[in-house]
Amino acid sequence: MTTQAATEQISTFTGFTADDFDVFAVPGLEARMTALIDHIRPKLHELGELLSPWLTELCGEPMFPHVAKHARRTINPPNDTWIAFAPGKRGYKMFPHFQIGLFGSHLFVQFAIIYESDNKSVFADHALAQMDDIMKHIPAEYVWSGNHMVPGGDTQGELGSEGLAQLLQRLRSVKASEALCGIIIDRNDPLLKDGEAFIAKVKETFQTVLPLYKMSF
């Protein structure tokens, strides 16, 4: 794809609206999944097409898009949904990866290493050894979380080096632990309605958390 074609493709992304976030207020599994598939999933697939080539170049390895299917749910409707970018073609959960996703209250863009990954202790060891670099490189307003199922988290400024060290030590020693770091964008932020500006913000965020991804191997 030429640079001009890529630019034209990016400019067609329309962003996210209140209707997308309202999906998570739809009662019932079947009804919510129908709304999610109709409103949000096409946009996530579009983000996959737009960003996978760029992330592949950024990371220096093939990065494949994986849109959440929520296939295991039989009763409770999902409270969030996402697209993940990972070096595995068949899945992402076992790999450190990048995510873009939505809860009813906000959108998130982040690096993630979740409980299924065997790289957790590798990342924890490398990150603990490079705490000074992380505190300098990752902005204070970036949010850290130890559980991808819970919306929000604590900013790096709130955690400080001591709080972040505790999160990383737990990642190393607790099987169900996780580490996620990135930004949260409120559902009412006008940035979300500007597709081109949103793509630029996503790229800026993934570039910022790239050193965390590199620490995972």
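Strand β7 (residues 179–186) is largely enclosed by the rest of the structure, because six of its eight residues are buried. The model described here is predicted.

**Pairing of strand β7**

Two strands pair with β7, as set out below: β4 and β5.

| Strand | Residues | Sense relative to β7 | Bridges to β7 | A bridge or facing pair |
|---|---|---|---|---|
| β4 | 106–113 | antiparallel | eight | Ala112 with Leu180 |

**Packing of helices α4 and α8**

Elsewhere in the model, helix α4 (residues 41–59) and helix α8 (residues 195–214) have axes that come within 11 Å and cross at roughly 40°. Helix α4 is therefore oblique to α8. The crossing of these two helices is right-handed.

On the α4 side, the contact is formed by Leu47, Leu50, Leu51, Trp54, Leu55, Leu58 and Cys59. These residues meet Phe198, Ile199, Val202, Lys203, Phe206, Gln207, Leu210, Tyr213 and Lys214 of α8. By residue class, the contact of α4 with α8 comprises 13 nonpolar residues, one polar residue and two charged residues.

How values were computed
Residues numbered from 1 in each chain as written. Predicted model: local features only at pLDDT ≥ 70, side-chain atom pairs only at ≥ 80, totals over all residues. Heavy atoms only, no water. Axes fitted to C-alpha atoms, helices over the stretch in contact; angles between N-to-C directions. Helix = DSSP H or I, 4+ residues; strand = E, 2+ residues; numbered from the N terminus. Parallel < 35°, antiparallel > 145°, perpendicular 65-115°, else oblique. Left-handed = near helix turned anticlockwise from the far one by under 90°. Contact = heavy atoms within 4.5 Å. Nonpolar A, V, L, I, M, F, W, Y, C, P; charged D, E, K, R; others polar. Buried < 20%, exposed > 50% of the residue type's maximum accessible area, 1.4 Å probe, protein only. Pairing = 2+ DSSP bridges.
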